[in-house]
Amino acid sequence: MNDLQKDIAQLIIDTLSLEDIEASEITPALPLFGEGLGLDSIDALELALALQKRYDIQIASDSRDARQHFANVESLAAFVEAQRTACAS
Amino acid sequence: MAEPRSNRRHWAGRKERGSFILMKFTAAIARRLGRRVLAPLLYVIVFYFYASDRRGRYSIRQYQTRLSCWSGRAELMPRHRSVFGQFMAFAECLLDRLDVWSGKLSLEQVQLDDPADVRSRLLQSRGSGRGQILVCTHLGNLDVCRAMAELGEQVPLNVLVHTHHVGHYNRLLGEAGEHRMRLIQVSELDTALMMDLSQRIERGEWLAIAGDRVPLHGGRCVQVDFLGQTAAMPQGPWLMAGLLRCPVNLIFCLKVDGRYTIHLEPYIEDHSWERGQRDATIQRWAQGYADRLAQRCLQAPQQWFNFYPYWQAPATETEHAR
């Protein structure tokens, strides 16, 4: 688990006030929705807004695309990374 | 969309009634010859809509019955005259909208009822600070509110509308000289949209959204008690308040004795919600709104412009009503 992944796991906990779990429990491959962490679509929106504030990222208006980015911490970290590179160049 | 077109009974799927030509014709007369010349003709035109719209008549009759029973005011029970009167009020409202956009109805002619001074918050966010949410309604005249915010104060106002229902009327507005309003078409709250709205709020822009019409396909509604019976209302405004963490104000624009008054009131100041309590919080906000709306209905009983069976669950609407 790299720093960004840890950071995102903590952000998930803070944003959604998931007090009963530790950041380390949200492993990179753990599905955020459904059987994994059990988030719902409103959680996803809250999370997206928190990510936007923290990392200044944009999500294009293609919801299928967004769903893939939000699959787990690993995909979210990859997405944030990609956005940063895109902004830097 | 899976269901056949003819079965769609949701307001948003409903084809705009009557002919565009007739509306255009009416608007042209209003513009060229003035409202006074139009007055007798307007009765004939509205009577055509009244006579041909069985479902509309049924819906208004139902609304007037509920309002009367709920308030205990027997004089509000529906009669032919009062149902027709509501159709007339709607026609007047449409003509007023054209007047607003063409500048004939100015800010000075509209009274402001704003005891908590929401207006100065609107003005403040022009320069700095975050925007807020304005929840508007199809009771009274929506466009007067929008126009006043845009033209009078020059506040960046984004109006969220549910898809294409606005079609023809927007063309008329365009012809009347209105190109400024920022309409954002919304069918569901997705990530990209929320991010966009969030940035607008941070920039100090305001969002206007109707609190009394459920979105397409019956998605995201909440059941509330409205005028003594259960009705479905949208979750949208309340979800947005919680997600965007911004205050909500209510705006009503009612015409009483021929004069418009804009009523502004703060509604949600504490917009935080706990994750486990989210549904309950939305329910509470929506119910509180329905209660405010019911009170305002009594102020302008004939200006309820939802011409469809309001107390019917959106998912179970059937063909029989028309």
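## Two helices of chain B and the contact with chain A

Where chain A and chain B meet, the contact takes twelve residues from chain B and 15 residues from chain A, two residues being in contact if their C-beta atoms, placed from the backbone, lie within 7 Å. On the side of chain B that touches chain A, α8 (191-202) and α9 (236-244) each supply at least two residues, and α8(B) gives the most, with five residues. Helices (H or I, at least four residues) and strands (E, at least two) are DSSP runs, numbered from the N terminus. By class, this side of chain B has six nonpolar, two polar and four charged residues; Ala, Val, Leu, Ile, Met, Phe, Trp, Tyr, Cys and Pro count as nonpolar, Asp, Glu, Lys and Arg as charged, and the others, Gly among them, as polar.

This is a predicted model, in which local features need pLDDT of at least 70 and side-chain atom pairs count only at pLDDT 80 or more, while totals for chains, interfaces and linings use all residues. Residues are numbered from 1 along each chain as its sequence is written, and chains are lettered from A and ligands numbered from 1 in the order in which they are written.

Chain B as a whole comes to ten helices and nine strands. Of its 322 residues, 39% count as buried, that is, with 20 or more other C-beta atoms within 10 Å of their own.

How do the two helices meet? In α8(B), the residues B:Met194, B:Leu197, B:Ser198 and B:Ile201 meet B:Met240, B:Leu243 and B:Leu244 of α9(B), and the residues of this contact divide into six nonpolar, one polar and no charged. The axes of the two helices, which are lines fitted to C-alpha atoms over the stretch in contact, come within 11 Å and cross at roughly 65°. That makes α8(B) roughly perpendicular to α9(B), a term for angles of 65 to 115 degrees.

Helix α9(B) is mostly covered, since nine of its nine residues are buried, including B:Gly236, B:Trp238 and B:Leu244. After α9(B) comes B:Arg245, whose phi is positive, near 50°.

Not counting residues up to four places away in sequence, B:Ile133 touches several residues, including B:Pro237, B:Met240 and B:Ala241.

Key:
Buried ≥ 20, exposed ≤ 12 C-beta atoms within 10 Å, placed from the backbone. Axes fitted to C-alpha atoms, helices over the stretch in contact; angles between N-to-C directions. Parallel < 35°, antiparallel > 145°, perpendicular 65-115°, else oblique.
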